[in-house]
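Student: Could you take me closely through one part of this model, looking at how its pieces pack together? I would like one connected account.

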Amino acid sequence: MTETPPAPKRRAARKPAPEAESVQPPPAPQPGWLARHGVQAAIAVSVIALGLSVWASFGGGFETRVRTYLVENPQILDDMVQARDQQAATQRIERLNAGIAAMPQVLEPGPGEPVFGPPDAAVTVVEYFDYRCPYCKTAAPGVMELMRAHPDVRFVFREWPILDAGTSTVSQHAARAALIAHSQGKYLAVHQALMAEGALSHEAIDRILAENGVDTGPGGAALNAPSISRILADVQAGAGAVGMDGTPTFFVNGRASASNSPEAIAQAIAAAR
């Protein structure tokens with residue numbers, strides 16, 4: 001179902017029927033960065049192991065020279081990590097693009113999914129995300145800005161709760177809560193609040209729903225509605241079929257974006273027009 005893009009900064013009164021939503025920027029979360037020290041250590045061990053093997057072949061002293069060189073030029077490890085990360089990122093994008101090219105229907109929104117913008121838009125942006133993903137939280141304000149800046153672009157919000165572990169169901173609960181809010185015309189307000197919530201929990205999710213006037217029925221029964229379960233199952237099946245492996249993942253007109261930055265997505269939108 002495609003919904004009309006919201007008017008900015010206006011809280012809608014609660015009504016029995018779904019109503020127009022407002023795109024309101026949440027407090028910007030602090031950006032996160034990938035922890036790379038583990039990779040650096042692994043590469044350092046590999047370099048030293050290589051040096052030892054060469055030393056065994058060509059005689060003593062080589063190990064000392066390798067160690068001295070690495071100590072005097074520690075930036076080489078950063079260069080190696082960057083090259084390794086870039087190669088892995090490029091291979092990931094190529095794999096995703098190949099998967100989507102083979103199954104383009106995966107990116108088509110199904111009934112009940114949050115979609116904003118013209119149904120016949122020349123450009124469509126699809127984002128797969130999890131409300132507990134720190135990088136998704138960092139990207140969220142930029143996505144709202146992109147929606148405001150590009151009212152002629154269709155935006156598809158793909159609820160993909162993949163970060164639950166063990167007995168935790170917080171990501172699943174958040175996704176279901178957002179989809180219930182969408183069915184009542186209150187998706188964007190709830191989506192932004194969930195993204196802005198630093199310590200997401202079942203209690204925080206329920207509080208956000210209550211603050212936004214979302215009715216989950218007796219005992220929260222609406223959260224487990226078959227229609228909600230079907231949406232989440234379809235998203236999971238599609239993501240698995242094309243080899244998706246992390247959040248956030250953005251697609252612009254069926255092409256995976258190598259970056260999550262709003263600037264990169266904006267450039268991809270401009271290129272796709």
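Tutor: Because its relative accessibility is 15%, and anything under 20% is classed as buried, Thr247 counts as a buried residue. This is a predicted model, so the values below are computed from predicted coordinates. Thr247 sits in the loop that links α8 (226-241) to β5 (249-252), and, once neighbours within four places in sequence are set aside, Thr247 is in contact with Tyr128, Phe129, Asp130, Cys133, Cys136, Trp160 and Ile162.

One of those partners, Tyr128, leads on to the largest nonpolar core, which has 58 residues and in which Tyr128, Tyr131, Phe157, Leu194 and Phe251 have the most contacts. Helix α5 (residues 170-183) supplies the largest share of this core, namely 8 residues. In soluble globular proteins, nonpolar side chains tend to be buried together.

Leu194, listed among the residues with the most contacts in the core, touches Tyr131, Lys137, Ala174, Ala178, Leu200, Ile205 and Ile208, when residues up to four places away in sequence are not counted. Two of these, Ala174 and Ala178, belong to α5, where together with Ala181 and His182 they meet Tyr187, Val190 and Leu194 of α6. By class, this contact of α5 with α6 comprises 6 nonpolar residues and 1 polar residue, with no charged ones. The axes of α5 and helix α6 (residues 187-196) come within 7 Å and cross at roughly 155°; since angles over 145 degrees count as roughly antiparallel, α5 and α6 are therefore roughly antiparallel to each other.

Note on methods. Residues are numbered from 1 along each chain as its sequence is written. This is a predicted model: local features need pLDDT of at least 70, side-chain atom pairs count only at pLDDT 80 or more; totals for chains, interfaces and linings use all residues. Side-chain values use heavy atoms; hydrogens and water are left out. A nonpolar core is a set of buried Ala, Val, Leu, Ile, Met, Phe, Trp, Tyr and Cys residues joined through side-chain atoms within 4.5 Å. Buried means under 20% relative accessible area, exposed over 50%, partly exposed in between (1.4 Å probe, protein chains only). Helices (H or I, at least four residues) and strands (E, at least two) are DSSP runs, numbered from the N terminus. Contact means heavy atoms within 4.5 Å. Axes are lines fitted to C-alpha atoms, for helices over the stretch in contact, and angles run from 0 to 180 degrees between N-to-C directions. Angles under 35 degrees count as roughly parallel, over 145 as roughly antiparallel, 65 to 115 as roughly perpendicular and the rest as oblique. Ala, Val, Leu, Ile, Met, Phe, Trp, Tyr, Cys and Pro count as nonpolar, Asp, Glu, Lys and Arg as charged, and the others, Gly among them, as polar.
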